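Here is a short report on one chain. Look through the sequence and the model before reading on.

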Amino acid sequence: MSARLTFDAHPKELATRSDGMTRISLLWSRRTHRAAVVVEDDATGETVELDVQERDNPLDVYEHALAYAPRRGHPGRPDVPRLAA
């Protein structure tokens, strides 16, 4: 995992899965005590960071990251990139 997070350059990786084209990681920031799910699409080069909000279950966001992506984008970006399922 490269340093792509907006809230922490050195997160702790809690879980990762890949289907060969898409890598999904659940990350924890020791500095801010926040979690994020990062989706990296090797085919398009897109990376989407989903901030896990306080009311969210982090494992649910991780397990269903592609369902959350249309509703949430990379913090600070106005447009949400669409990732193929």
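## Burial and overall make-up

A residue counts as buried when its relative accessible area is under 20%, as exposed when that area is over 50%, and as partly exposed in between. By that cut-off, 38% of the 85 residues in the chain are buried. The model is predicted. Its accessible surface comes to about 5,100 Å². Carbon and sulfur atoms hold 48% of that surface.

The chain has four strands and two helices. Their order along the sequence is β-β-β-β-α-α. Take the contacts with a separation of 6 or more: 34% of them join residues 24 or more positions apart.

## The nonpolar core

Nonpolar side chains tend to be buried together in soluble globular proteins. Here the largest nonpolar core has 12 residues. Its members are I24, L26, A35, V37, V39, V48, L50, V52, V61, Y62, A65 and Y68. At least two residues come from each of β2, β3, β4, α1 (58-63) and α2 (65-68). Strand β3 gives the most, with three residues.

Leaving out residues up to four places away in sequence, I24 touches A15, T16, R17, V37, V38, V39, Y62 and A65.

## The β3-β4 hairpin

Strands β3 and β4 pair in the antiparallel sense, over five bridges. They form a hairpin with five residues between them. In the turn, G45 has a positive phi of about 80°.

How is β4 placed relative to the rest of the structure? Four of its five residues are buried, so β4 is largely enclosed by the rest of the structure.

V39 lies in strand β3 and stands opposite V48 in β4. V39 counts as buried because its relative accessibility is 1%. V39 also comes within reach of a residue from elsewhere in the sequence: T22 is 17 residues away along the chain, yet the C-alpha atoms are 6.9 Å apart.

## Salt bridges

Side chains of opposite charge can pair when their charged atoms come close. How many salt bridges does the structure hold? There are three.

R23 takes part in a salt bridge with E13, with 3.1 Å between the closest N and O atoms. This pair links distant parts of the chain: R23 is in strand β2 (residues 22-29), E13 is in strand β1 (residues 12-18), and 10 residues separate them. R23 is partly exposed, at 27% relative accessibility. E13 is partly exposed too, at 36%.

R23 also forms a salt bridge with E40, where the closest N and O atoms are 3.8 Å apart. R23 lies in β2 and E40 in β3 (residues 34-41), so the pair ties together parts 17 residues apart in sequence. Is E40 buried or exposed? E40 counts as buried, because its relative accessibility is 11%.

The remaining bridge joins D51 and R34, at 2.9 Å from N to O. D51 lies in strand β4 (residues 47-51) and R34 in β3, so this pair too ties together parts that are 17 residues apart in sequence. R34 is partly exposed, with a relative accessible area of 33%. Shared partners join E13, R23 and E40 into one network.

D8 sits in the segment before β1. D8 is buried, because its relative accessibility is 8%. What does D8 touch, leaving out residues up to four places away in sequence? The contacts are S29, R30 and R31. D8 and R31 are 23 residues apart in sequence, but 7.1 Å apart in space, C-alpha to C-alpha.

Most residues other than glycine have a negative phi. H33 has a positive one, near 60°. H33 lies in the loop between β2 and β3. At 57% relative accessibility, H33 counts as exposed.

Terms used:
Residues are numbered from 1 along each chain as its sequence is written. This is a predicted model: local features need pLDDT of at least 70, side-chain atom pairs count only at pLDDT 80 or more; totals for chains, interfaces and linings use all residues. Side-chain values use heavy atoms; hydrogens and water are left out. A salt bridge is a side-chain nitrogen of Lys or Arg within 4 Å of a carboxyl oxygen of Asp or Glu. Buried means under 20% relative accessible area, exposed over 50%, partly exposed in between (1.4 Å probe, protein chains only). A nonpolar core is a set of buried Ala, Val, Leu, Ile, Met, Phe, Trp, Tyr and Cys residues joined through side-chain atoms within 4.5 Å. Contact means heavy atoms within 4.5 Å. Two strands pair if DSSP finds at least two bridges between them. Accessible areas come from the Shrake-Rupley method with a 1.4 Å probe; for residues, only the protein chains shown count as cover.
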